[in-house]
Amino acid sequence: MSPTFEELTVGQDIGTRSIEVTRQDLVKYAGASGDFNPIHWNEAFATSVELPGVIAHGMFTMGAAVQLVSDWAGDPAAVVDYQTRFTKPVLVTDTTGTDEAGAVIDVTGVVGALDGDARTARIDLTVVAAGLKVLMKSQAVVKVS
């Protein structure tokens, strides 16, 4: 059920989510987005350009994180603005042939601000992978009924 504006308070937790990511997910995302940069799927290439290994697409990470907000709002169209800063790459190890994720992105959301005139809530996201904040100042503005 979608939240109502009157139910919200600044500091209120909207939930958490852990997103398991595999190299297969990155290849699928590359196909959908058209971003076939080999740093997102080829270990040898990624390390040759001095990355620690294959990294997730920034937009994949950003999109995966905001899904928590869309689900909480009950309607993706309710998210009227979303901004973030990319601070660290999400390293995705090769787990081909296993049931394990190559990375886990942990997302937590809280109500950061309320605008009574616009009836919007700013949701502040904390996005962490391997113990590092991978997105900073990650904020979504949601139109609330």
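Here is a short exchange about the predicted model shown above.

Biologist: What should I know about numbering and thresholds in this model?
Modeller: Residues are numbered from 1 along each chain as its sequence is written, and side-chain values use heavy atoms, with hydrogens and water left out. This is a predicted model, where local features need pLDDT of at least 70, side-chain atom pairs count only at pLDDT 80 or more, and totals for chains, interfaces and linings use all residues.

Biologist: What share of the 145 residues counts as buried?
Modeller: Buried means under 20% relative accessible area, exposed means over 50%, and partly exposed lies in between (1.4 Å probe, protein chains only). Of the 145 residues, the buried share is 37%.

Biologist: How many salt bridges does a search of the whole structure find?
Modeller: A salt bridge is a side-chain nitrogen of Lys or Arg within 4 Å of a carboxyl oxygen of Asp or Glu. Glu6 and Arg119 form one of them, at 3.1 Å, N to O. The search of the whole structure finds four.

Biologist: How many residues apart in sequence are the parts that Glu6 and Arg119 tie together?
Modeller: The side chains of Glu6 and Arg119 meet in a salt bridge. Glu6 lies in the segment before strand 1 (13-21), and Arg119 in the loop between strand 3 (103-115) and strand 4 (120-129), so the parts they tie together are 113 residues apart in sequence.

Biologist: Which helix does Arg17 reach through its salt bridge with Asp71?
Modeller: The side chains of Asp71 and Arg17 meet at 2.8 Å, N to O. Arg17 lies in strand 1, so the pair ties together parts that are 54 residues apart in sequence; Asp71 lies in helix 3 (residues 58-73).

Biologist: What is the phi of Arg119?
Modeller: Most residues other than glycine have a negative phi. Arg119 has a positive value. This residue is partly exposed, with a relative accessible area of 27%. Its phi is near 55 degrees.

Biologist: Where is Ala130 found?
Modeller: Ala130 has a positive phi of about 55 degrees although it is not a glycine. At 79% relative accessibility, Ala130 counts as exposed. Ala130 is found in the loop between strand 4 and strand 5.

Biologist: Which elements give two or more residues to the lining of the largest pocket?
Modeller: On a 1 Å grid over the protein atoms alone, a pocket is an open set of points where a 1.4 Å probe fits, with protein on both sides within 12 Å along at least five of seven lines; lining residues have an atom within 4 Å of a point. Of the 13 lining residues, the closest to the centre are Pro89, Val90, Leu91, Ala129 and Ala130. The elements giving two or more are strand 3 and strand 5 (132-143).

Definitions and conventions:
Helices (H or I, at least four residues) and strands (E, at least two) are DSSP runs, numbered from the N terminus.
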